Amino acid sequence: MPETGSSALKDFIAGGVGGSCTVIVGQPLDTIKVRLQTQPVPPPGQKPHYAGTWDCALKTVRNEGFFGLYKGMAAPLVGVTPMFAVCFLGFGIGKKLQQTSPDQKLTAVQLFNAGMLSGVFTTAIMTPGERIKCLLQVQAASSGPKLYKGPIDVVKVLYKEGGIRSIYKGTCATLLRDVPASGMYFMTYEWLKHAMAPAGKEGELSPVRTVVAGGFAGMLNWLVAIGPDVLKSRLQTAPEGKYPNGIRSVFVDIMKNEGPRALFKGAAPVMIRAFPANAACFLGYEVAIKFLNYIAPNM
């Protein structure tokens, strides 16, 4: 996410545009990722339902049509605008807390710290959205009876079963994923933003360079996030009571039955998705900011 040099309202609107671009571009591979992460361990001698990323994509399209890859997209789409607005706010606060003057340039470690604070800020919005999305994605891949008719129905069922606590199941797992990953994301983008800028135009990037910086920042973000993301997906889609100690129980179960490699399930679609999705995010943000500056320069 770019540095916030414009007004809060413009950041809010442009952040929503960028976030929407991220979801639309990245949702198919996110669906594949979740299905690979949550598919059950096959009995001895049998093959898993999905052999890999491409097999999952083919089976999804064959059984559910192309738009089966977009199952569960409504929840993240609804959440991206406030989430990105809050994320910008958290990053801005994180920077200001470490600056002695507004013009002070922050070190890589300080940018990482500010980015981590943004991850804390977004968790309240991210957790329920991720829970709803994952449940719908897994349900669509199942041949059993359908428990949920859509995002709103998921919320109703979860609230009836366990109240707000059920809707926010996986909060600690989301924090474990997003706090260090957001730190890496912001630090990488800000470093690339300055490293790739032409001489005399520090921090200014062309559309192509914005795409490259944003894409690589997204990939490094997910390099940090993939392990905790597997734990989160398993926890958020598991039946009530399966993991009594939350994320700790998920970790123990995975280590016992599948080994450390299971923490990287879904890594291929994640990395394939990370570059175009985050490139779309940054490009959408920058285009929206320029448009807003053109039509309302004093807003």
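Asp55 is partly exposed, at 23% relative accessibility. Here buried means under 20% relative accessible area, exposed means over 50%, and partly exposed lies in between (1.4 Å probe, protein chains only). Asp55 forms a salt bridge with Lys59, and their closest N and O atoms are 3.2 Å apart. A salt bridge is a side-chain nitrogen of Lys or Arg within 4 Å of a carboxyl oxygen of Asp or Glu. Lys59 is also partly exposed, with a relative accessible area of 21%. Both residues lie in helix α2, four residues apart, about one turn of the helix. Helices are DSSP runs (H or I, at least four residues), as are strands (E, at least two), and they are numbered from the N terminus.

A word on the source. This is a predicted model, in which local features need pLDDT of at least 70 and side-chain atom pairs count only at pLDDT 80 or more, while totals for chains, interfaces and linings use all residues. Residues are numbered from 1 along each chain as its sequence is written, and side-chain values use heavy atoms, with hydrogens and water left out.

Back to the charges. Side chains of opposite charge can pair when their charged atoms come close. The structure holds 15 salt bridges. One of them joins Arg35 to Glu64, with the closest N and O atoms 2.9 Å apart. Arg35 sits in helix α1 (residues 8-38) and Glu64 in helix α2 (residues 53-64), so this pair ties together parts that are 29 residues apart in sequence. Arg35 is buried, with a relative accessible area of 2%. Glu64 is partly exposed, at 25%.

Another salt bridge links Lys133 to Glu130, where the closest N and O atoms are 3.9 Å apart. Both belong to helix α4 (residues 108-141), three residues apart, about one turn of the helix. Lys133 is buried, and so is Glu130. The relative accessibility of Glu130 is 8%. What does Glu130 touch, not counting residues up to four places away in sequence? Its partners are Arg177, Asp229, Lys232 and Gln236. Contact means heavy atoms within 4.5 Å. The C-alpha atoms of Glu130 and Thr171 are separated by 9.9 Å, and these residues are 41 apart along the chain. Glu130 and Lys133 also belong to a network of salt bridges, together with Asp30, Lys33, Arg177, Asp178, Asp229 and Lys232.

Now the helix packing. Two packed helices are described by the angle between their axes and the distance between the axes. Axes are lines fitted to C-alpha atoms, for helices over the stretch in contact, and angles run from 0 to 180 degrees between N-to-C directions. Helix α6 (residues 171-195) and helix α7 (residues 207-237) have axes that come within 8 Å and cross at roughly 170°. That makes α6 roughly antiparallel to α7. Angles under 35 degrees count as roughly parallel, over 145 as roughly antiparallel, 65 to 115 as roughly perpendicular, and the rest as oblique. The residues of the α6 and α7 contact divide into 17 nonpolar, eight polar and three charged. Ala, Val, Leu, Ile, Met, Phe, Trp, Tyr, Cys and Pro count as nonpolar, Asp, Glu, Lys and Arg as charged, and the others, Gly among them, as polar.

Helix α7 also meets α8. Their axes come within 9 Å and cross at roughly 105°. That makes α7 roughly perpendicular to α8. Val230, Leu231, Arg234 and Leu235 of α7 make the contact with Ile247, Val250, Phe251 and Ile254 of α8. These residues divide into seven nonpolar, no polar and one charged.

The largest nonpolar core has eleven residues: Ala173, Val230, Leu231, Leu235, Ala238, Tyr243, Ile247, Val250, Ile254, Ala262 and Leu263. Helices α7 and α8 (247-257) each supply at least two residues of this core. A nonpolar core is a set of buried Ala, Val, Leu, Ile, Met, Phe, Trp, Tyr and Cys residues joined through side-chain atoms within 4.5 Å. Leaving aside neighbours within four places in sequence, Tyr243 is in contact with Arg234, Leu235, Ala238, Ser249, Val250 and Asp253.

Finally, helix α3. Val86 is found in α3 and is partly exposed, at 23% relative accessibility. Not counting residues up to four places away in sequence, Val86 touches Phe121, Thr122 and Ile125. Leu106 lies in the loop between α3 (74-98) and α4. Leu106 is buried, at 16% relative accessibility.
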